[in-house]
Amino acid sequence: MKAPVRRRQAARGVFWRALGRQPRRLAWIGFWSVLEAAPAFLIGHAVARAIEDGFARAEPATGLAWLAALGVAWLVGAVAARQVVLGVARVAEPFRDDLLTRVVEGTLNRATSRDSAAVARATLQVELARDAFAAVVTSVRGFVFTVAGVVLGLATLAPQALALVLPPFAAGLGLFLASLPALARRQRAFLLADERLADEMTATAGALRDIEACGLREPVAERLGRQVGAQAAAARALAGVTTARTAALAVGGWLPVVLVLAGTPRLLDGGLGPGVIAGALAYVTQSLAPALGGLVQGLGVSGIRLAATLGRIAASAPPAAPPLPSAPPRVRPSGCDVRLCAVTFAYGPHSALVVDRLDLTIPEGDHLAVVGPSGAGKSTLAALVSGMLRPGTGEALVGGVPADQLDPAARVLIPQEAYVFRGTLMENLTALGTQDGTPLGAAGAQGTCPDLAGRLDEAVAAVGARELVDELGGYGARLDPPALSAGQRQLIALARAYLTPAPLVILDEATCHLDPAAEARAETAFARRGGTLVVVAHRLTSALRARRILLMDGARVTIGTHDELIRTSPLYADLAGHWHPERVS
């Protein structure tokens, strides 16, 4: 099947799926559309009766009453129109969300680099499609209900006039529908030309200095000129085809008026009164012609734009993704020893190994500091131990359980940039649960149970956050994360981790924004808390407090005490010499 045919079928499929999956909302729109179309049915009768039974008989009260009834119908129609707009919006927004997901995935899968301009253009296409979708649904719906009201009104008021009105109306409608395929082709050509021009302009704007430096002004200007000319030619071709819309509107909307006026003598001879003929003209001029104009605008502009845009989106859509495998069950290990067996890891298939065949054992209850130069893989190791990353080869086990299958309550990782969310201090501190079994987020600002209050006070005091709690206004204080300093956020995260039942704690430079005394207090608290502690060290003092030190230098690792590494590792001695002496205590 050819690509254009596939795009058209995909576009139609997206459109009809969006309508078919919400039948109740469509029924709601249909109900209000009937009320909105009431004036289209009533206008001819109201005008005819106001003239024939009222003003022509010198009974103005009757004539005014009919016109007042028409006014009430217009008010009801206005209320109904508002409900229709709301209903169409409820249908269009899910359509937009589905398209947005589809087009962004397609753009990102297609791009060799994450081109923000491509994503922005794709998002703009979705917004255009959403607006066009709503316009098409609104215009087609309005046309159908209005035409039904007009035909019913004419059939009950002046059936003789139907022969003068319906044939030219059907001819104009057919002329317009026949022009739609050509309009769609020209609209798509215009969109493609416009996109090519935008891409060329973006690339040129980003390379102005290089263009000027290399003396390429003239060839680049010539190339841009060709793109501008192509876009202008596509616009002219589109404008030429749109003349069919004007012809269709003239034939279908205004030729019936001419025929009714020309046929007035015959209609009068047939027994119709002047008021009835005026009512028939009101049907054509006030309902039928505007309805056809709305359809021409809706389908001729919005419909064509929708078809072209959906075709572009369908062309950019990614292939159907295979179903995701079910997540492995989470396991609570019986112990908290850590064992890495021949672990390797890289951040991409063609990237250098960050961890290469690493064997490491951290006994339960151990306190290990991880040091090394920047980029040596310290944070990667922390993520592997915590299960946030999965080894490329080898095993990372905690208590004999693969780290990526751990029950989240079995370990806690605090990164360098601590996470604090909007909410009370209590909610932030208890977000991961507590050692006494309090469930996640169970405590509020009010009604804190005594046991929990005691655990909170103990954790806050242990990590040195008591002064911060008082400064913020107590556990019920609401937090604004951007207003907190990096050090304050770290203290909150440390207290949160201390409260958890996790027997394995990984601090990945989690105290780097604290002063040395505050860092020492927090790390000492975790060392005394029990369990296994892994600290990615920011200062030499963190290494001095640990029982053992793991030195990482790319693929090479060395483990030992501070004194052992000073004697055996020039790199560690060099690192120790670069740490500020005044911070060693």
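Which unit do strand 9, helix 17 and strand 10 make? They make a right-handed β-α-β unit; right-handed means that, with the strands pointing away from the viewer, the path from the first strand over the helix to the second runs clockwise. Helices (H or I, at least four residues) and strands (E, at least two) are DSSP runs, numbered from the N terminus. This is a predicted model, in which local features need pLDDT of at least 70, side-chain atom pairs count only at pLDDT 80 or more, and totals for chains, interfaces and linings use all residues. Residues are numbered from 1 along each chain as its sequence is written, and side-chain values use heavy atoms, without hydrogens and water.

**Helix 17**
- Helix 17 covers residues 516–529 and reaches 20 Å from its first C-alpha to its last, close to the 20 Å expected (1.5 Å times one less than its number of residues).
- Among its buried residues are Glu-519, Ala-522 and Phe-526 (buried means under 20% relative accessible area, with a 1.4 Å probe and protein chains only).
- At the N-terminal end, Asp-515 caps the helix, with a side-chain oxygen 3.1 Å from the backbone nitrogen of Ala-517.

**Strand 10 and its neighbours**
- Both faces of strand 10 are covered: Thr-532, Val-534 and Val-536 are buried on one side, and Leu-533 and Val-535 on the other.
- Strand 10 pairs in the parallel sense with strand 9 over 5 bridges and with strand 3 over 4 bridges (pairing requires that DSSP finds at least two bridges).
- Val-535 stands opposite Leu-507 and is also the bridge partner of Ala-369.

Technical notes: Buried means under 20% relative accessible area, exposed over 50%, partly exposed in between (1.4 Å probe, protein chains only). A polar contact is a pair of N or O atoms within 3.5 Å; within protein, one must be able to donate a hydrogen and the other to accept it, and residues adjacent in sequence count only if both atoms are side-chain atoms.
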